[in-house]
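Welcome! Take a moment to look over the chain below, and then we can walk through it together with a few questions.

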Amino acid sequence: MYTSRIAGMGKYVPENVVTNDDLSKLMDTNDAWIQERTGIKERRHIKKGDGNSTAVMGVKAAEIALDRAGISKDEIDLIIFATLSPDYYFPGCGVQVQDMMGIHTCPALDIRNQCSGFIYGISVADQFIKTGMYKNVLLIGSENHSGGLDFSTRGRGVTVIFGDGAGAAVLTRSEQEGHGVLSTHLHSEGKHALELSLKGPSTNHWVPQIIEENPQEDIPYYPYMNGQFVFKNAVVRFSEVIMEGLKTNGLDVNDIDMLVPHQANLRISQFIQKKFQLSDDKVYNNIQRYGNTTAASIPIALCEAWEEGKVKEGDTVVLAAFGSGFTWGSAVIKW
Ligand SMILES: CC(C)(COP(=O)(O)OP(=O)(O)OC[C@H]1O[C@@H](n2cnc3c(N)ncnc32)[C@H](O)[C@@H]1OP(=O)(O)O)[C@@H](O)C(=O)NCCC(=O)NCCS
C-alpha cells in the first residue's frame with residue numbers, strides 16, 4: 001500500500017505590509033483592540049499594480065515547493081487549488097496555475113472549503129496517491145482577501161483579521177509505512193453556512209439585483225461573520241478533530257511534536273494550546289505577521305515552521321482547521 005508524504009513546501013506573501021495603525025487611518029479601529037482580540041500586528045495586502053493575484057501568488061509558492069521537492073512540473077499528476085477568493089468566478093485557479101506554469105494536461109481541481117481548504121486538499125491528494133492513481137500532487141492554498149474587504153468602519157469586525165498570501169505543498173508517493181500522511185479527518189455542518197459567508201454576487205443574488213437594491217447594510221458582496229459564534233464553534237471543533245486524529249493513530253497529546261493550527265485567531269490557538277497543555281515550542285503561530293490567510297494559512301505556517309527547523313524528520317505533526325461552512329478537519333503526519 002502506498003502512502004503520501006510532503007516532499008516540498010513553498011510560500012509567498014506580497015511585500016506590502018499593512019499594520020494595525022495603517023488600518024486605523026481607514027476605519028475606526030486601533031492597534032490595541034486588534035492585538036487584544038486577535039493577536040494580529042500586521043498583515044500583507046496585494047498592492048494595485050504589483051502583478052499579484054490569487055493564482056499568481058499560488059504559482060510563486062508552487063515553484064518554490066517543486067524546487068524543494070526536486071520534482072519537475074512535468075511530473076505533476078494533479079493540481080489542487082484551495083481558495084475562497086479565486087481570480088474568476090469561473091474557471092478555477094487550478095487551471096490558471098496550469099497555464100501559467102506550463103503544466104501538461106493533468107487534471108486541475110479547485111476546492112471551496114475556505115479555512116479548511118488545505119486540509120481537505122491534503123485528504124484528496126492522499127486518497128489519489130494511496131490508491132496508486134497519482135504519484136505527485138501539487139496542492140496550493142492562496143487568498144487575495146484585500147481585494148474584497150470593506151475598508152470602512154462598517155467592515156472592521158471582519159476586515160482587520162484577514163490577509164493575503166499563498167502556500168504550496170508537493171505530495172508524493174512513498175512506500176515507507178508509518179511515514180507521511182497517517183490520516184486525515186474531515187467534517188462539515190451546513191446548517192451554519194451563513195454565519196461566515198459572502199452571499200453575492202451569486203446566481204441567487206446577481207449583479208443587477210445588487211445594483212437595483214443598492215443595500216447600505218448587510219451588503220452581500222462583503223463577507224459577513226458572526227464572530228463570537230464562529231469563535232465558540234471553532235474551539236470545540238478544533239479540539240474534537242485533533243483528538244480524532246490522535247486517537248485514530250493510537251497517539252495522545254504528548255506525542256505531538258508540532259501542532260500547526262489554521263491561523264484563525266491567536267486567541268483560538270492559545271485556547272487549544274492551553275487545553276492540551278502544549279508547550280510554546282509545540283504550537284506554531286504566525287498570525288501576528290500575516291493575519292488570517294484562510295486556505296493559505298496552514299501551508300504558510302507549516303512552510304515557515306519547516307524553514308525554521310521546527311519541523312524535522314520523524315516528527316509527529318498535526319494540522320487542524322476550522323472555518324466557513326462550517327467545515328473543519330485535521331491531518332496527522334509523520335514527517
Ligand atoms: C471577530 C472577533 C475578533 C470580534 O471580537 P469580539 O470580542 O467577539 O467583539 P464583538 O464582535 O463582540 O465586538 C465588540 C465591540 O468591538 C467593536 N469592534 C468590532 N470590530 C472592531 C475593530 N476592528 N476595532 C475596534 N472595535 C471593533 C464592535 O463594534 C463592538 O462594539 P460595541 O460593543 O460598541 O457594540 C472575535 O469574535 C473572533 O475572533 N471570532 C472568531 C473569528 C474567526 O476566527 N474567524 C475566522 C474563522 S476561520
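This is a predicted model: local features need pLDDT of at least 70, side-chain atom pairs count only at pLDDT 80 or more; totals for chains, interfaces and linings use all residues.

**A short tour**

Q: How far apart are the end C-alpha atoms of helix H5 (residues 117-130)?
A: Start from the length of H5, which has 14 residues. At 1.5 Å a residue, H5 should span 20 Å, and the model agrees because its end C-alpha atoms are apart by 20 Å.

Q: How many of the 14 residues of H5 are buried?
A: Among the buried residues of H5 are Phe118, Tyr120, Asp126 and Phe128. H5 is largely enclosed by the rest of the structure, because the number of its residues that are buried is eleven.

Q: How many residues does the contact take from domain 2?
A: The chain is divided into domain 1 (3-177) and domain 2 (181-334). The contact takes 47 residues from domain 1. H5 is one of the elements that supply at least two residues of the side of domain 1 that touches domain 2. From domain 2, the contact takes 41 residues.

Q: Which helix gives the most to the shell around the ligand?
A: Both domains take part, as the shell draws at least three residues from each of domain 1 and domain 2. Helix H2 (31-38), helix H6 (156-159) and helix H8 (227-248) each supply at least two residues. With five residues, the helix that gives the most is H8.

Q: Which residues come nearest to the ligand?
A: The shell divides into ten nonpolar, eight polar and two charged residues. Of the 20 residues around the ligand, those that come nearest are Thr29, Arg156, Gly227, Ala264 and Gly323.

Methods. Residues are numbered from 1 along each chain as its sequence is written. A residue is near a molecule or strand if its C-beta atom, placed from the backbone, lies within 6 Å of it. Helices (H or I, at least four residues) and strands (E, at least two) are DSSP runs, numbered from the N terminus. Ala, Val, Leu, Ile, Met, Phe, Trp, Tyr, Cys and Pro count as nonpolar, Asp, Glu, Lys and Arg as charged, and the others, Gly among them, as polar. Domain bounds come from an automatic or database domain assignment. The expected span of a helix is 1.5 Å times one less than its number of residues. A residue is buried if 20 or more other C-beta atoms lie within 10 Å of its own, exposed if 12 or fewer, and partly exposed in between; C-beta atoms are placed from the backbone. Two residues are in contact if their C-beta atoms, placed from the backbone, lie within 7 Å.
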